[in-house]
Amino acid sequence: INSVEFVPSWSLTGANSNYRTIAVYNRGQAGAGTALVASLDLTSGVDLTRGLAQALTLGAAADRAIVVGDHLEWISTTTGTGAAASGGRVIVQQSLGS
């Protein structure tokens, strides 16, 4: 996987004490994997703008390698009281291996 973007359904202002983390994990073919593909902490200075794609920070190269049949899971968690979930669309792009 060479990029992961999130296009939110509405805007969200990041905050340091109560924030949301969005992430994509590769759960593998059995659905039990823990490889972090990409993530983003919506802390102060990291805001979402409705309809504007926001790139997530990619995980290690080994964690971004996928094969046919792998299950990718979108996870949205909160720290403190969190921030509202904005809903939206996730765009995952990959390049074909040789």
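Gly 69 lies in the loop between β5 and β6, where strands (E, at least two residues) are DSSP runs numbered from the N terminus. The model is predicted, so local features need pLDDT of at least 70 and side-chain atom pairs count only at pLDDT 80 or more, while totals for chains, interfaces and linings use all residues. Residues are numbered from 1 along each chain as its sequence is written, and side-chain values use heavy atoms, with hydrogens and water left out.

- Gly 69 is partly exposed, with a relative accessible area of 43%; buried means under 20%, exposed over 50%, and partly exposed in between (1.4 Å probe, protein chains only).
- Beyond its neighbours within four places in sequence, Gly 69 is in contact (heavy atoms within 4.5 Å) with Gly 28 and Gln 29.
- From Gly 69 to Ala 85 the separation is 16 residues in sequence and 28 Å in space, C-alpha to C-alpha.
- Arg 27 sits in the loop between β2 and β3 and is buried, at 18% relative accessible area.
- The residues that Arg 27 touches, not counting those up to four places away in sequence, are Ala 32, Gly 33, Thr 34, His 71, Glu 73 and Ile 75.

**Sheet of 4 strands**

- The order in this open sheet is β5-β3-β2-β6, with antiparallel pairing; two strands pair if DSSP finds at least two bridges between them.
- β5 (57-58) and β6 are the edge strands; each has a single partner strand, so one side of each lacks a neighbour in the sheet.
- β2 and β3 run antiparallel and are joined by 6 bridges, with Val 24 opposite Ala 38 in β3.
- β3 (residues 35-41) also pairs with β5 in the antiparallel sense, over 2 bridges.
- In β5, Leu 58 is the residue opposite Ala 38.

**Sheet of 3 strands**

- A further open sheet has the order β4-β1-β7, and its pairing is antiparallel.
- Its edges are β4 (54-55) and β7; each has a single partner strand, so one side of each is left without a neighbour in the sheet.
- β1 (residues 3-8) and β4 are antiparallel and joined by 2 bridges, and Phe 6 stands opposite Gln 54 in β4.

**Nonpolar core**

- The largest nonpolar core has 13 residues, and Val 4, Val 37 and Leu 56 have the most contacts inside it. Such a core is a set of buried Ala, Val, Leu, Ile, Met, Phe, Trp, Tyr and Cys residues joined through side-chain atoms within 4.5 Å.
- β1, β2 (19-26) and β3 are the elements that give two or more residues to this core; β3 gives the most, with 3 residues.
- Not counting residues up to four places away in sequence, Leu 56 touches Val 4, Glu 5, Phe 6, Ile 22, Ala 23, Ala 38, Ser 39, Leu 40 and Trp 74.

**Nonpolar surface patch**

- Leu 72, Trp 74, Val 90 and Val 92 form a nonpolar patch on the surface, together having about 280 Å² of accessible area. Patch residues have over 30% relative accessible area and no salt bridge, and nonpolar side chains (Val, Leu, Ile, Met, Phe, Trp, Tyr) are joined within 5 Å; a salt bridge is a side-chain nitrogen of Lys or Arg within 4 Å of a carboxyl oxygen of Asp or Glu. Areas come from the Shrake-Rupley method with a 1.4 Å probe.
- β6 (72-79) and β7 (88-93) are the elements that give two or more residues to the patch.
- Val 92 is found in β7 and is partly exposed, with a relative accessible area of 35%.

Methods: Patch = residues over 30% accessible without salt bridge, like charges linked within 9 Å, V, L, I, M, F, W, Y side chains within 5 Å.
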